[in-house]
Amino acid sequence: MIGVNTAIVSPSGGSIGIGFAVPSRTARSVADQLIRTGRIDRGFIGVRLQEVTPSLAQALGISSTKGALVASVEPGSPAEKAGLQSGDVITRFSGKDIQGVHDLTLAAANEKPGSKATLTRNRGGSQQEVELTVGQRKDEEVQTGAVPSPEAADQRLGLSLSTIPDEARQQLGLQPGTTGVFIQEVAPNSPAAENGLRPGDVIVSANNRDVAQPSDIQEEWARSRQQHKPILLGINRQGQSLFIALAAS
């Protein structure tokens, strides 16, 4: 057996020959755990991750986009206890090279809770090995070893957002203490792209409200749409301030 079918692409209600499957090794692991314990145990390290884009790599002073960027660390988590910080880029985990967020999510989730894991992080251009004890998520809301990122604002806005990586603040031209939301990606042909927003811009306010989390942008975007008016974004672009208004369609 190669895999277990899970879904098909069906624009019109019928099959067009494109399907998706869970790899057999994953299905076998899940089945074995259910037989042994009656539940699925997933490793948990407690980080929110995002992909390393070329602009982020430049801002962080690293030469490659390989790895998973730590956007934030959950308080009290295995990652915090091991000394991981926002801005670290994880390039290896338990002997496996990490190309991106998906690799680290799977690698962490596949570790047995309570086991020791060694990871390699890049902090400010310096590679360091860190050992941590893999935990287990207590609640049922998150079943994987890491939280996917970036957090996306409304698709019609066309932005992928995250908190500001701590180690990129100086390169982004931000004054100490500046709060805001980092633009990781801008969707082509979106309102954001058409109005000149760029990856690497920092949104410091929305509708004259200071913002610090992607959810702040989502709330103001939803409010603007309800009021049928543009959302006014205050932007910091390499130390320069400007305003951009995006129409809520």
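Two strands pair if DSSP finds at least two bridges between them. Keep that rule in mind for what follows. The model is predicted.

Start with strands β16 (residues 231-237) and β17 (residues 240-246). Seven bridges join β16 to β17, and the two strands run antiparallel. Leu232 stands opposite Ala245 in β17. The two strands form a hairpin, with two residues between them. Gln238 sits in the turn and has a positive phi of about 50°.

β16 has another partner. Four bridges join it to strand β14 (residues 202-206), again antiparallel. Here Val202 has Asn236 of β16 as its bridge partner.

How enclosed is strand β16 by the rest of the structure? Largely, because six of its seven residues are buried. In a regular strand, side chains alternate between the two faces of the sheet.

Now look at Arg237, which belongs to strand β16. Is Arg237 buried or exposed? Its relative accessible area is 16%. Buried means under 20%, so Arg237 counts as buried. A polar atom of the Arg237 side chain lies 2.9 Å from the backbone oxygen of Gly196. Setting aside neighbours within four places in sequence, Arg237 is in contact with Gly196, Leu197, Arg198, Asp201, Leu242 and Ile244.

Next come the nonpolar cores. In soluble globular proteins, nonpolar side chains tend to be buried together. The largest nonpolar core here has 19 residues. Val47, Leu49, Leu84, Phe93, Leu104, Leu119 and Leu132 touch the most other members. Which elements give two or more residues to this core? They are β4 (47-51), β5 (68-73), β6 (89-93), α4 (101-109), β8 (116-123) and β9 (126-133). The largest share, four residues, comes from α4. A second, separate core holds 18 residues, including Ile183, Ala192, Ile217 and Trp221.

Finally, consider confidence. The mean pLDDT of the chain is 81. Of its residues, 84% reach 70 or more. Confidence is highest in β6, at 95. It is lowest in strand β11 (residues 151-152), at a mean of 46. Over residues 139-155 the pLDDT is below 50. Beyond near neighbours in sequence, that stretch has 43 contacts in the model. Where pLDDT is low, the predicted coordinates should not be read in detail.

Methods:
Residues are numbered from 1 along each chain as its sequence is written. This is a predicted model: local features need pLDDT of at least 70, side-chain atom pairs count only at pLDDT 80 or more; totals for chains, interfaces and linings use all residues. Side-chain values use heavy atoms; hydrogens and water are left out. Buried means under 20% relative accessible area, exposed over 50%, partly exposed in between (1.4 Å probe, protein chains only). A nonpolar core is a set of buried Ala, Val, Leu, Ile, Met, Phe, Trp, Tyr and Cys residues joined through side-chain atoms within 4.5 Å. A polar contact is a pair of N or O atoms within 3.5 Å; within protein, one must be able to donate a hydrogen and the other to accept it, and residues adjacent in sequence count only if both atoms are side-chain atoms. Contact means heavy atoms within 4.5 Å. pLDDT is the predictor's confidence in each residue, from 0 to 100.
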